[in-house]
Amino acid sequence: MAALFTLSFSSSTFLCPGRTRKRLSFLGTRTTLHFKRPLSVNSLLSPEYDPPPPAVQIFWQWMCEEGVVSTKSPVRPGVFREGLGLVALRDMAQNEVVLQVPRRLWINPDTVSASDIGNVCDGLKPWVSVALFLIREKLRDDSPWRYYIDILPEYTNSTIYWSEEELSEIRGTQLLSTTLDVKEYVQNEFQKVEEEIIFPHKQLFPSPITLDDFLWAFGIIRSRAFSRLSGQSLVLIPLVDLINHSSSITTEDHAREIEGAAGLFSWDLLFSLQTPVSVKAGEQVLIQYALSKSNTQLALDYGFIESRSERNAYTLPLKISESDPFFGDKLDIAESNGLGDTAYFDIFLGRPLPPTLLPYLRLVALGGTDTFLLESLFRNSVWGHLEFPVSRANEELMCQVVRNACKSALSGYHTTIEEVLNVPYMQ
Ligand SMILES: C[S@@+](CC[C@H](N)C(=O)[O-])C[C@H]1O[C@@H](n2cnc3c(N)ncnc32)[C@H](O)[C@@H]1O
């Protein structure tokens with residue numbers, strides 16, 4: 001396998017060249033890598049790959065010149081079914097270091113603060129400031145980040161980029177309503193940032209910035225940013241962010257932040273990527289993006305889903321109505337148990353209900369003579385009581401609430417259960 005891959009690659013493609021740096025023109029979009037199509041469940045191990053396009057080779061040269069990679073690096077980029085990815089050049093043991101990228105090449109709110117737009121971006125939400133930075137660098141001819149920006153996709157298969165026609169295929173699903181909520185959120189954030197930052201500082205943003213630009217940056221951050229480093233809210237790590245996801249990897253432990261050599265004479269923080277499993281030469285190095293994300297979240301964030309039923313969740317939102325005469329007491333009890341006036345419960349097929357769901361539901365439905373439990377005398381013990389049925393009336397009301405929620409959710413679909421079950425592949 002390794003020999004085959006070595007042969008199919010131009011052997012000099014990923015050798016570090018001399019130090020002459022070519023100024024790149026913008027190489028266009030990577031539409032060949034990211035088709036706009038409905039969600040597919042991809043095979044997650046993809047041994048076949050193609051050599052990467054010129055923009056990626058130039059990006060690699062830049063990484064060589066920055067001292068991030070060398071001829072000794074154990075990986076190089078390749079094109080896989082998941083888009084760009086990292087291929088192992090030799091057998092690698094579990095926990096072996098794949099790449100180390102120094103802090104000066106990270107893009108996070110600190111990078112924005114230190115840039116020309118730092119003064120006007122301080123105080124913005126971290127993702128909004130990084131989004132503005134990415135867009136500005138993309139629009140600049142002389143961006144120092146040009147080689148990185150050139151290899152970023154124009155879009156992923158995330159539902160935030162689906163056309164209306166494509167979205168109509170998922171009518172009735174929670175994925176559709178969440179997608180529309182997310183798009184509305186991004187639009188509102190864009191309007192705010194336009195009024196407060198972009199329009200008043202035209203000299204810093206000479207090229208027009210559109211909602212589509214902002215949605216692009218949002219999608220880039222959602223699909224590529226790491227957020228688990230100490231003290232970092234979000235950070236883009238060029239090159240490391242070429243790593244793709246595998247459902248068969250069951251640990252999220254693949255990143256470290258360490259002090260180390262960051263060039264010939266410099267010392268810096270390094271983002272260190274380690275392979276969570278052993279990999280053979282010629283195979284793709286993969287990680288687990290997020291064990292706890294449902295298929296809805298995977299579809300929104302990355303544009304893929306998994307076939308495992310453990311990822312199939314329905315989020316049941318419950319709310320203590322403000323018109324409830326006992327709103328204050330109920331809210332107090334919910335808050336003392338880590339919940340609020342609205343709570344979201346992820347229900348997974350074939351798994352027990354979230355432990356706080358039934359007590360919260362009983363609390364929401366509590367009324368009539370059962371409200372004695374809301375008295376301050378019971379404040380410390382009430383949650384324990386709510387873990388068991390309180391009364392027949394309370395249980396019946398809870399069931400009614402859930403039945404109504406299910407009916408209303410199902411009524412959003414344009415097909416009946418019978419019609420779905422009659423589709424050949426469902427039989
Ligand atoms: C962190 S980036 C990885 C690099 C990316 N493949 C590229 O071409 O730039 C995450 C994106 O890679 C793709 N991806 C990663 N793992 C995948 C998988 N298992 N199946 C399908 N697409 C995947 C998705 O488009 C996702 O949004």
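How many residues of domain 1 are in contact with how many residues of domain 2? In this predicted model, 6 residues of domain 1 are in contact with 8 residues of domain 2, where contact requires C-beta atoms, placed from the backbone, within 7 Å of each other.

**View 1. The two domains of the chain.** Domain 1 covers 2-301 and domain 2 covers 312-420, with bounds from an automatic or database domain assignment. The side of domain 1 that touches domain 2 has no nonpolar, 5 polar and 1 charged residues. Here Ala, Val, Leu, Ile, Met, Phe, Trp, Tyr, Cys and Pro count as nonpolar, Asp, Glu, Lys and Arg as charged, and the others, Gly among them, as polar. Residues are numbered from 1 along each chain as its sequence is written. The model is predicted: local features need pLDDT of at least 70, side-chain atom pairs count only at pLDDT 80 or more, and totals for chains, interfaces and linings use all residues.

**View 2. The shell around the ligand.** The ligand is surrounded by 19 residues, the closest being Glu 82, Gly 83, Leu 84, Ser 223 and Asn 244; a residue is near the ligand if its C-beta atom, placed from the backbone, lies within 6 Å of it. Two or more residues each come from strand 2 (83-88), helix 9 (211-224) and strand 4 (244-245). Strand 2 contributes the most, with 3 residues. By class, the shell holds 7 nonpolar, 9 polar and 3 charged residues.

View 3. Helices (H or I, at least four residues) and strands (E, at least two) are DSSP runs, numbered from the N terminus.

**View 4. Helix 12 against helix 14.** Helix 12 (residues 357-365) and helix 14 (residues 392-410) pack at about 105 degrees, with axes 9 Å apart. Helix 12 is therefore roughly perpendicular to helix 14, a term for angles of 65 to 115 degrees. Axes are lines fitted to C-alpha atoms over the stretch in contact, and angles run from 0 to 180 degrees between N-to-C directions. Leu 361, Arg 362 and Ala 365 of helix 12 meet Asn 394, Leu 397, Met 398 and Val 401 of helix 14. This contact has 5 nonpolar, 1 polar and 1 charged residues.

Key:
Angles under 35 degrees count as roughly parallel, over 145 as roughly antiparallel, 65 to 115 as roughly perpendicular and the rest as oblique. Two residues are in contact if their C-beta atoms, placed from the backbone, lie within 7 Å.
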